[in-house]
Amino acid sequence: MYDHNGEEIFVIDGHVHLWDATEGNITHEGGEEFIQCFYDYHTTFTPEERQWSIEEYRKYGAERMVEDLFENAAADMAIFQPTYLTDFYGEGFNTTEQNAELATEYPERFVLNGSFDPRDGEAGLEHLEELNDTYDLQGVKVYTAEWRDESKGWRLDDEAAFEYLEKCEELGIENIHAHKGPTIRPLNRDAFDVADIDDAASSFPDLNFVVEHVGLPRLDDFCWIAAQEPNVYGGLAVAAPFAQNRPGKFSEILSELLWWLGEDRVLFGSDYAIWNPDWLVEAVLEAELTQEDRMEYGVEWDLETKRKVMGENAAELYDIDIDEKKRQFREDEISEQFGLEDHYASDAPAAADD
Amino acid sequence: MTGPPSDGLTREAVRDRLDRVTDPELDRSIVALEYIDGIELDAGTVTVHLTLPTAWCSPAFAWMMAADSRTEVEELPAVERARIYLHEHMHEIEINRGVNAGRSFPEAFPDAEDTVDAVRAELDRKARTARQYDAVEALLEAGLESETIVSLRPRDLERIDGDDRLSIYLADRAIAVSVSAEPIDRYLEKARETGLVDAETDPLFLTPEGEPIDPDEFELVHRRGRLAQVNMSSQGGICDGLRESRERRLEVAND
C-alpha cells in the first residue's frame with residue numbers, strides 16, 4: 001500500500017505482463033520490431049537511473065517480476081493482460097499460460113485474464129471455454145490489431161466478435177480489456193480505432209469494456225464514446241508515465257478523463273515491464289493537477305479519487321474485497337518473503353473489523 | 001542589393017513551402033516540428049531529407065508527410081522535380097521509392113488494402129475540431145454569446161488593419177466586434193480544405209461530425225474541441241519523447 005501523507009492507498013496494478021522476447025522465441029521480424037518499439041517507450045518515459053538494458057527487457061522472469069511489483073509494496077495486487085502475438089513469437093509473447101506460471105503460484109495477488117481472437121472460429125470458442133475451466137476467468141484482453149495469416153486485424157463489433165462476447169457473458173467473463181494504442185501497423189488502416197467499442201458496449205450492457213491506454217492517440221474518440229456508454233472504462237497504461245516527465249500533459253489528460261468519464265471509470269495500470277510500478281505508482285500519486293486545469297475542468301486529483309483510480313475501481317470490476325485482502329496479506333507468502341507482515345498489520349480500519 | 005538567383009529558387013523558399021505540410025496526427029508544420037534535416041538545390045531539382053520522431057511512426061502518416069512534401073515543393077515554379085528522402089524509418093525504402101516514383105500508397109505497399117484517404121479525412125476532421133476551439137475561444141474572449149457564435153457565417157467576417165484583425169458584424173451589421181484574425185484564419189483554412197465551409201452563407205462553425213451546432217449543444221461541442229487539442233498535444237508529447245530518446249541513443253553510439 002502506498003503511504004500518502006499518512007493515508008494508505010491500496011494499489012491494484014491493472015495491467016501487467018510476463019513476456020518472452022528472447023531471440024530464440026522470435027519467429028518473424030515483426031517480433032523484433034515489436035520489442036524494440038516497446039523498448040523505445042520504456043526508455044522515453046522511465047527516469048534514466050531506472051532504465052533496463054535491452055537484454056534484461058527481453059525476458060526478466062517470474063522472480064524479478066514479483067520483486068518489482070511487491071518487494072516495496074508499490075503494488076498490492078496485479079492483473080495479467082496477455083498479448084499472444086503467436087505469428088511473431090514461437091511460444092507466444094505473453095500468453096495466458098505463460099502468465100499462469102506466476103498467477104497460479106500467488107493466486108491471492110494476481111488476477112489472470114484470458115484472451116480470444118474471433119478469427120479462431122469454433123475452435124477458439126472451445127479454447128476460451130477450456131481457459132475458463134482451467135483458470136476461472138473474470139476478464140480477457142483482446143488485441144484487435146494482431147496479424148493472423150493474411151488478416152491485419154479485426155473489430156470488436158464484427159459479427160464473429162459478438163459470438164465471442166456472447167460466450168463471455170455465458171461464462172461470466174465480465175471484463176473485456178481492449179488494447180487501443182499507438183498506430184504502428186497494419187499500414188493504411190487504423191487497427192486500434194476505438195469506434196468498434198461503441199457498438200460492442202451498447203450491445204453488451206452487462207459486460208465492462210476497459211479501453212487500455214485510454215485510446216491514445218485517440219483520447220478524443222475514446223472519451224466521446226465513454227461519455228455515452230456507462231460500461232466503458234479507461235486504463236491509464238501509457239498515460240501514467242507522463243506524470244514523471246510530462247507533468248503538464250499528465251494533468252491535462254487526467255483532467256479530461258475525470259471530466260468525461262468521472263472518477264469511477266478510470267483504472268491505473270503500469271503496463272509492466274514497459275514501466276515499473278516500483279517508481280511509477282509514486283510518480284502518479286504525487287502528481288498534481290495544475291491550478292489552470294482544476295479551474296477549467298472542475299475536477300480534483302484528491303485522496304478519494306486516487307483511492308478509486310489506483311485500486312477501488314479495479315476491485316469493483318473484479319469483485320475484490322480490499323479489507324479482506326489486507327487481512328490476508330498479513331501472512332501470505334509474498335508478505336513473508338519481503339517482510340511486509342507489519343505493513344499490512346498496521347492498518348487500523350481492517351483491524352477494527354476483526 | 002543582390003536579388004535571388006535568376007531562377008528564383010532559394011532554400012528559404014523551399015522551407016516556406018514545406019511549412020505548409022503538417023504532421024497529420026499533430027496538426028503542426030513539419031518545419032516547426034524540426035523534421036527537416038536538409039534541403040539541397042541542384043538546378044531545378046530539390047532534394048529534401050526528412051526524419052520523423054520514431055522509426056515506428058505510422059507508415060500511412062509517414063507516407064502523407066513525404067508525399068505532401070513532394071507536392072508542395074513542386075508547386076514552386078522554379079522546381080522541376082522534388083526528391084524526398086525519409087531516413088531512419090522502418091519503411092523508408094518503400095516510402096522513398098513510392099513517393100519519388102509518383103506511385104500510390106497501395107502500389108508502394110502490397111500489404112496495404114487501400115489508399116490513405118480515409119485516414120487523412122479522419123485526421124483532417126480532428127484538426128478542424130481542434131482549430132475551431134481556438135477560433136471560438138477568441139470570439140468568447142471578445143464577448144460574443146454562444147447563440148451568436150453558432151449563427152455566424154463567413155459573410156459576417158471582414159478583414160481590417162491589414163491582415164491581423166477581423167471585424168465581425170452582428171445585428172444586421174449594426175455592431176462590429178474586432179478579433180485577432182490568426183485563429184479564425186487557421187480554422188477556416190482547414191474547414192475550407194475539407195469542403196465543409198464553402199459558401200459565404202454556410203454555417204461558420206460545426207460539430208466534429210460536420211453538422212450545424214444546436215445552441216444547446218454549444219458547450220459540449222466546445223469541450224470536444226478542447227479534447228481534440230489535448231489528444232493531439234499528448235501524442236505530440238509521446239513523439240517528442242521518442243525523438244529525444246532516439247537522439248540520446250545516437251549520441252551514445254557516436255561517442
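## Where chain A meets chain B

Across the interface of chain A and chain B, 13 residue pairs are in polar contact, with both residues at pLDDT 80 or more; a polar contact is a pair of N or O atoms within 3.5 Å, where within protein one atom must be able to donate a hydrogen and the other to accept it, and where residues adjacent in sequence count only if both atoms are side-chain atoms. On the side of chain A that touches chain B, at least two residues each are supplied by α1 (29-44), α8, α10 (247-260) and α12 (291-297) of chain A, and the largest share, 7 residues, comes from α1(A). Sorted by class, that side of chain A has 17 nonpolar, 5 polar and 14 charged residues, where Ala, Val, Leu, Ile, Met, Phe, Trp, Tyr, Cys and Pro count as nonpolar, Asp, Glu, Lys and Arg as charged, and the others, Gly among them, as polar. The helices named here, like the strands named below, are DSSP runs numbered from the N terminus, with helices (H or I) of at least four residues and strands (E) of at least two.

This is a predicted model, in which local features need pLDDT of at least 70 and side-chain atom pairs count only at pLDDT 80 or more, while totals for chains, interfaces and linings use all residues. Residues are numbered from 1 along each chain as its sequence is written, chains are lettered from A and ligands numbered from 1 in the order in which they are written, and side-chain values use heavy atoms, with hydrogens and water left out.

## Extent of the interface and its salt bridges

The contact between the chains, meaning heavy atoms within 4.5 Å, takes 36 residues from chain A and 40 residues from chain B. The size of an interface is often given as the accessible area lost when the parts come together. For chain A and chain B this buried area (the accessible area, with a 1.4 Å probe, that two parts lose on being put together, summed over both) is about 3500 Å², and carbon and sulfur atoms give 57% of that area.

Between chain A and chain B there are also 8 salt bridges, each being a side-chain nitrogen of Lys or Arg within 4 Å of a carboxyl oxygen of Asp or Glu. In one of them, the side chain of A:Asp220 meets that of B:Lys126, at 3.0 Å from N to O.

## Two domains in chain B

Chain B is divided into domain 1 (11-115) and domain 2 (118-231), with bounds that come from an automatic or database domain assignment. The centres of the two domains, taken over C-alpha atoms, are separated by 30 Å. In the contact between them, 6 residues of domain 1 of chain B meet 7 residues of domain 2 of chain B, and the two domains bury about 630 Å² between them, with 50% of it on carbon and sulfur atoms. Within domain 1 of chain B, the residues that lose the most area to domain 2 are B:Pro24, B:Asp27 and B:Met64, which together give 62% of what that side buries.

Across this interface between domains there are 3 salt bridges. B:Asp27 forms a salt bridge with B:Arg186, and their closest N and O atoms are 3.3 Å apart. The side of domain 1 of chain B that touches domain 2 has 3 nonpolar, no polar and 3 charged residues.

## Salt bridges within chain A

Over all chains, the count comes to 43 salt bridges. A:Glu7 forms one with A:Arg307, the closest N and O atoms being 3.3 Å apart; because A:Glu7 lies in strand β2 (residues 7-9) and A:Arg307 in helix α13 (residues 303-317) of chain A, the pair ties together parts that are 300 residues apart in sequence. A:Glu7 is partly exposed at a relative accessible area of 37%, and A:Arg307 also counts as partly exposed, at 25% (buried means under 20% relative accessible area, exposed over 50%, and partly exposed in between, with a 1.4 Å probe and protein chains only).

The side chains of A:Arg58 and A:Glu32 meet in another salt bridge, at 2.8 Å from N to O. Here A:Arg58 is buried, with a relative accessible area of 8%, whereas A:Glu32 is partly exposed at 24%.

## A buried histidine

A:His213 lies in the loop between β8 (208-212) and α8 (219-228) of chain A, and at 2% relative accessibility this residue counts as buried. The side chain of A:His213 makes a polar contact with the side chain of A:His179, at 3.1 Å. Not counting residues up to four places away in sequence, A:His213 touches several residues, including A:His15, A:Lys180 and A:Asp271.
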